[in-house]
Amino acid sequence: MKTFASLLAAFAVSASPLLAQDDAWETQGLTDDAITIGVMGPFSGNASSYSKALIGMMAYYDKVNAEGGVHGRQLVAVQEDTACDSAKGLAAAKKLISQDEVFMLQGNSCSGVAVALRPTIEEAGLPWIVAHAVSDSISDPLAANIFHGVPTGRANGRAMAQFVLSKPDTTNVAIIEHSNDWAHSYSNPARDYLEEQGVTPSLELTMERGQTDATAQVLKLRQEQPDFIIAALYEAETAIFLRDLKKYGMGDIPVMGTAGTDLENTLKRTGDFDTVKNYYVIHSYVDNLDGPLMQPWGDMIHEYYPEEELSTFSFVSIGSAEALVAALEAVGPELTRSKLMAALEEVRDFDTGILSDPITWTPEDHQGVKGSAVAGFVDGEPTVLKAWGQPY
Amino acid sequence: MLMQLTLGGLSQGMIYALIALSLTVVYRSTTVVNFGHGDFVMAGAFLSYVLVVLAGVAFLPAAVLAMIAMFVLGVLFNRGLIRPVRGGPHIGLALMCIAAGYVLRGIARMVWGREVLPMPAVFDMQPIFLGNLVITGDAVFIIGTVLVLLLILFGLLAMTDLGKMIQAVYQSPRGARLIGLNVDRFNDFSWGIGAALGALGGILVAPVSLLHPDLGASFLIKGFAAMTLGGFGSLGGAVLGGVLLGLAEQYAGAYLDSALIEITAYVVIVAVLFIRPQGLFGRKAVVKV
């Protein structure tokens, strides 16, 4: 008995630093008046336009702070540049976790970087809300501390196919895509959804990046005469494809594009409304970018970043920031990392007022946004749609 | 569909022909393969964009001005960067070309970022429908412009004293020097013509495509493939190689698999080097010992 008591005492003594370390870990990056949040993104480099998403998100932090913060704590963003480069992203993540000792992470554009960061952040265990990158493999398989706050490629791909099939009498669907992971992240879920609905794509075509001509693809489509075309193409190739479609007299066939393009820019690039009048794109918001429902968010960004030029990326991360604040509110003043993650898993049908679909995180599924609206031209005006012919 | 593919292939092929020809002009006279040539193509396209969209110049004068500017750039590039390292190892020349190309690309990126820019349509005529065949304004303009240019160029080479002098320098720079021709100036001229012809390729493709700083990379590969197919150093071969490559891409994309369009150029390079390394019109290399 004495031996057992000695062993127990020895264990208690030896375990106490660990327990103390766990307590410290739970509240790392937290003070009475601040919650430090590591915000990683491509603030420089070729993909720096994506960092607008993080500017929008930090503007929301500023708004919350101006209103008194969360339980008296300010949200303090610690920015790190990934330059959309995996090696730099990894260095940034390690710095934020080990040197800056932030409480949590939120942000990350560039799926490639986010996927590369996953093992490091999963091992570190601190909460990470992915607020822009869309690759499913960032948050699937489930990791206890990783939450996806935007529609993933899978959600967008399915939304594309749902919209296509919502057009009455659509049975003949063709797909044209790049042969890279980005395109497959849209086309594969779209293909799966079509198959589930009994529709097998009648034609599957490839158009590679940098191609300046889509004649061969368009001529094959002309032979097939599909009811709808799903196009997982980048912006430049989308414009070239749409131009060639019109050139060969097929401009009346509707084309469903990804979230990687938007209507206004596609119109600008093709320079001709007739070319884009039947083009539809994934649009994750409740309204057009210049619509009344988006106006307050644009004003909010300009209040804190007056020089910021707004783009479609500016708003995409705000929804997950709202969900974070709601979870922080729910936890109360005795905040820990574990409590926050538990609270995030309680978020259900959270209407952000900016994303077209609500956020739901459960213990089994951390991919929070399961759908997306679509934008297309209706009577010449960009319009957000739930389904074919149904305004959002 | 065959006729339509042929027309599309000819239109694309003419652009490739122009780029292969411009590469060959420099290669024939200086034996330098300009690995930065794709960026000269891009620079020509961007110059015409600046003139047309930002300065409001009409397309044709803008194209001429852009070609003149690129001619001057080609001459300066040869005088300032190539000539001083000409006596060194060939790899130095290749690296100089690559570096110059990246500088041009970097400048474009600094100014326009990764933005994809549209060039206003300049061949704005209604397509002509002949049954299933659609003849578009851009195809007519590209094929027509390149054909006229080729006729002038080859006519000049075959029928004028200047052309004969050029051929003399092509055949033997040392011999040309011995009879009093200024070979250095001729090399300047070749670099200028090469840059201007490449730029014209970019200028013609700009209105039917979109502009971005990385535009030239894929054209460089197409130019190399056309050059390989036609035979290194053969001006006529470069043109034929470009046209055949354009047609091959369209036929492979339509009749086999659209994924093949992008790799056709690489397949051509590998196949030609294996089957007929000297290409269609090149001479077999003979080493005298």
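## Close-up views of a predicted two-chain model

**View 1. A helix lying over strands in chain A.** Helix 9 (residues 263-270) of chain A lies across strand 10 (279-283), strand 12 (373-378) and strand 13 (381-387) of chain A, and runs at about 145° to strand 10 of chain A. Helices (H or I, at least four residues) and strands (E, at least two) are DSSP runs, numbered from the N terminus. Axes are lines fitted to C-alpha atoms, for helices over the stretch in contact, and angles run from 0 to 180 degrees between N-to-C directions. A contact between two residues needs their C-beta atoms, placed from the backbone, to lie within 7 Å. This is a predicted model, in which local features need pLDDT of at least 70 and side-chain atom pairs count only at pLDDT 80 or more, while totals for chains, interfaces and linings use all residues. Residues are numbered from 1 along each chain as its sequence is written, and chains are lettered from A and ligands numbered from 1 in the order in which they are written.

**View 2. The eight-strand sheet of chain A.** Follow the order 7-6-8-9-10-12-13-14 and you have walked across an open sheet of eight strands in chain A, with mixed pairing. At the edges sit strand 7 (203-206) and strand 14 (390-391) of chain A, each pairing on one side only. Two strands count as paired if DSSP finds at least two bridges between them. Strand 6 (residues 173-177) and strand 8 of chain A run parallel and are joined by five bridges. Look for A:Ala174, which stands opposite A:Ile229 in strand 8 of chain A.

**View 3. Strands 1, 3 and 4 of chain A.** Strand 1 (residues 34-41) of chain A runs parallel to strand 3 of chain A, with two bridges between them. Here A:Ile37 has A:Met104 in strand 3 of chain A as its bridge partner. Strand 3 of chain A also pairs with strand 4 of chain A, in the parallel sense, over three bridges. For A:Gly107, the bridge partner is A:Val130 in strand 4 of chain A.

View 4. Most residues other than glycine have a negative phi, and most peptide bonds are trans. A:Asn108 is not a glycine, yet its phi is positive, near 75°. A:Asn108 sits in the loop between strand 3 (104-107) and helix 4 (111-124) of chain A. A:Asn108 is buried, because 31 other C-beta atoms lie within 10 Å (buried means 20 or more, exposed 12 or fewer, and partly exposed in between, with C-beta atoms placed from the backbone). The peptide bond from A:Asp140 to A:Pro141 is cis, with omega near 10°, and A:Pro141 is in the loop between strand 4 (128-130) and strand 5 (146-151) of chain A.

**View 5. Two helices side by side in chain B.** The axes of helix 9 and helix 11 of chain B come within 9 Å and cross at roughly 30°. Helix 9 and helix 11 of chain B are therefore roughly parallel to each other (angles under 35 degrees count as roughly parallel, over 145 as roughly antiparallel, 65 to 115 as roughly perpendicular and the rest as oblique). Among the residues that meet here are B:Phe224 in helix 9 of chain B and B:Ile269 in helix 11 of chain B.

**View 6. Where chain B touches chain A.** In this view, 27 residues of chain B are in contact with 27 residues of chain A. On the chain B side, helix 1 supplies the largest share, four residues.
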